[in-house]
Amino acid sequence: MHDFQTVLSWSRDNSFCAANGWELNRSQEELYMWWSHCVYNQQPNFIRLGIEFHRRLAGYVDLADIHSNTAELGIAIGDSSLWGRGIGNTAAKKMITYGVDHLGIHLFRAETHITNQRAQKMLKRIGFQEEKIQVDKEDSSLHIPFSLHINSYN
């Protein structure tokens, strides 16, 4: 939890919040509780790892909803000044390789907010295919679903 101040700074970054669907300027207490849950989460169908860049927390990558041979890939680079440096791309590839090699995952899903074109391009570069946009009537934001079907990954 020593990285909490870094996460708090992400919550004050308009670009990061818009790209990742975070509520801007969440209360420090609420954010702390959420981040604590993320850090100490020990559910068997969820793995979240921090991404370090120059020895500081730069973001996180996770596999969620892990069942049988499927999982949802999530990734966020918190400091928007680090976007475009390939950090997310590298972390996503490493997590996919881990999922294939150690968990037997062959179907990865991901989704991005419709406005997050950087994430969409990154997912496509690493082999994800865009699927049909689904409208969630309870959530006014649009998400673009992606999937990656693989037998082996390098």
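Residues are numbered from 1 along each chain as its sequence is written. In this predicted model, local features need pLDDT of at least 70 and side-chain atom pairs count only at pLDDT 80 or more, while totals for chains, interfaces and linings use all residues; side-chain values use heavy atoms, with hydrogens and water left out.

The largest nonpolar core has 26 residues. A nonpolar core is a set of buried Ala, Val, Leu, Ile, Met, Phe, Trp, Tyr and Cys residues joined through side-chain atoms within 4.5 Å. Buried means under 20% relative accessible area, exposed over 50%, and partly exposed in between (1.4 Å probe, protein chains only). Leu 63, Leu 73, Ile 96, Phe 108, Leu 123 and Phe 128 have the most contacts inside this core. Elements giving it two or more residues are strand 2 (56-67), strand 3 (70-77), helix 4 (87-103), strand 4 (107-113), helix 5 and strand 6 (143-149). Helices (H or I, at least four residues) and strands (E, at least two) are DSSP runs, numbered from the N terminus. Helix 4 gives the largest share, 6 residues. Another core, of 13 residues, lies apart; among its members are Trp 10, Phe 16, Trp 35 and Tyr 60.

The whole structure holds 9 aromatic pairs. Rings of Phe, Tyr and Trp (its six-membered ring) pair if their centres lie within 6.5 Å; planes under 30 degrees apart count as stacked, over 60 as edge-to-face and the rest as tilted. Trp 10 and Phe 16 form a tilted pair, 5.7 Å centre to centre with 45° between the planes. Both residues are buried. The planes of Trp 34 and Trp 35 also lie at 45°, with ring centres 5.8 Å apart, so this pair is tilted. Trp 34 is partly exposed at 24%, whereas Trp 35 is buried at 6%. Ring pairs link Trp 10, Phe 16, Trp 22, Trp 34, Trp 35 and Tyr 60 into a cluster. The charged end of Arg 48 sits over the ring of Tyr 60, 4.1 Å from its centre. Such a charge requires NZ of Lys or CZ of Arg within 6 Å of the ring centre and within 35 degrees of the ring normal. Arg 26 lies over the face of Trp 22, at 5.8 Å from the ring centre.

Gln 120 is in helix 5 (residues 117-125). Its relative accessibility is 10%, so Gln 120 counts as buried. Its side chain reaches the backbone oxygen of Ile 114 at 3.0 Å. Ser 9, in helix 1 (residues 4-10), is partly exposed at 40%.

Technical notes. Polar contact = N/O pair within 3.5 Å; in protein donor to acceptor, adjacent residues only side chain to side chain.
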